[in-house]
Amino acid sequence: MSVSHTEIERLIAARDRAYTPYSNHPVAALVEDDQKRQFTGCNVEIANYKGLCAEASAIASMVSQTGSTALARVVVMGPGEALCTPCGDCRQRIREFATPDTEIVVVSGEGEVLKRYSMDALLPDSFGPENLPD
């Protein structure tokens with residue numbers, strides 16, 4: 001699955017709104033649920049360095065706006081040409097809402113697809129709700 005020009009524009013707009021006074025490393029994420037509805041998010045830093053990641057922001061938007069809990073796709077964009085993959089916390093967040101078919105795509109700051117992951121490739125041998133006792 002490709003990343004459309006419109007999606008790249010939405011990612012750049014979200015990244016441009018990121019609040020990153022400490023790291024100066026703006027990140028944007030676009031998530032798509034199983035109904036093809038899309039939500040964007042950006043990272044928001046705070047003085048204690050425990051800010052909100054772009055992926056968490058986009059997932060929270062999806063859940064709060066629609067109640068959806070199934071991710072079909074996640075696209076992450078960092079500020080430059082380097083691979084900007086989800087952090088460990090976000091890998092676990094994505095895992096919470098992923099299906100076996102969820103695709104995670106990392107694009108450059110200009111929108112070039114750098115790498116694609118399945119959930120198993122992004123977070124092998126992961127822990128999820130099915131690992132908890134009933």
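**Exercise 1. Which residues of H3 are buried, and what do they pack against?**

Solution. 
Step 1. Note that this is a predicted model.
Step 2. Go along H3. Cys90, Ile94, Arg95 and Phe97 are buried.
Step 3. Look for their partners. The buried residues of H3 pack against H2, E3, E4 and H4.
Step 4. Take Ile94 by itself. Leaving out residues up to four places away in sequence, Ile94 touches Glu55, Ile59, Leu71, Val74, Pro86, Ile104, Met119 and Leu122.

**Exercise 2. Find the largest nonpolar core and the elements that build it.**

Solution. 
Step 1. Count the members. The largest nonpolar core has 20 residues.
Step 2. Pick out the residues with the most contacts inside this core. They are Val31, Leu71, Val74, Ile94 and Ile104.
Step 3. List the elements that supply two or more residues. These are strand E1 (28-33), helix H2 (54-66), strand E3 (71-77), helix H3 (88-97), strand E4 (98-107) and helix H4 (119-122).
Step 4. Ask which element gives the most. H2 does, with four residues.
Step 5. Check for a separate core. Apart from the largest one lies another, of 10 residues, and Ile8, Ala14, Val75 and Val107 are among them.

**Exercise 3. Describe how H2 packs on H3.**

Solution. 
Step 1. Start with the geometry. The two helices pack at an angle of about 25°, and their axes are 9 Å apart.
Step 2. Classify the angle. Angles under 35 degrees count as roughly parallel, so H2 is roughly parallel to H3.
Step 3. The crossing of H2 and H3 is left-handed.
Step 4. Name the contact residues. H2 brings Glu55, Ala56, Ile59 and Val63, while H3 brings Cys90, Arg93, Ile94 and Phe97.
Step 5. Sort them by type. Six are nonpolar, none is polar and two are charged.

**Exercise 4. Is Thr20 buried or exposed, and what is Thr20 in contact with?**

Solution. 
Step 1. Locate Thr20. The loop between helix H1 (5-16) and E1 holds this residue.
Step 2. Apply the cut-off. Buried means under 20% relative accessible area. Thr20 has 12% relative accessibility, so Thr20 counts as buried.
Step 3. List the partners. Setting aside neighbours within four places in sequence, Thr20 is in contact with His25, Pro26, Asn43 and Glu45.

**Exercise 5. Where is Cys84, and which residues is Cys84 in contact with?**

Solution. 
Step 1. Cys84 sits in the loop between E3 and H3.
Step 2. Its relative accessibility is 11%, so Cys84 counts as buried.
Step 3. Neighbours within four places in sequence aside, Cys84 is in contact with His25, Val27, Val76, Gly78 and Val106.
Step 4. Now compare chain and space. Cys84 and Gly109 are 25 residues apart along the chain, and their C-alpha atoms are separated by 9.3 Å.

Methods: Residues are numbered from 1 along each chain as its sequence is written. This is a predicted model: local features need pLDDT of at least 70, side-chain atom pairs count only at pLDDT 80 or more; totals for chains, interfaces and linings use all residues. Side-chain values use heavy atoms; hydrogens and water are left out. A nonpolar core is a set of buried Ala, Val, Leu, Ile, Met, Phe, Trp, Tyr and Cys residues joined through side-chain atoms within 4.5 Å. Buried means under 20% relative accessible area, exposed over 50%, partly exposed in between (1.4 Å probe, protein chains only). Contact means heavy atoms within 4.5 Å. Axes are lines fitted to C-alpha atoms, for helices over the stretch in contact, and angles run from 0 to 180 degrees between N-to-C directions. Angles under 35 degrees count as roughly parallel, over 145 as roughly antiparallel, 65 to 115 as roughly perpendicular and the rest as oblique. A crossing is left-handed if the near helix is turned anticlockwise from the far one by less than a right angle, and right-handed if clockwise. Ala, Val, Leu, Ile, Met, Phe, Trp, Tyr, Cys and Pro count as nonpolar, Asp, Glu, Lys and Arg as charged, and the others, Gly among them, as polar.
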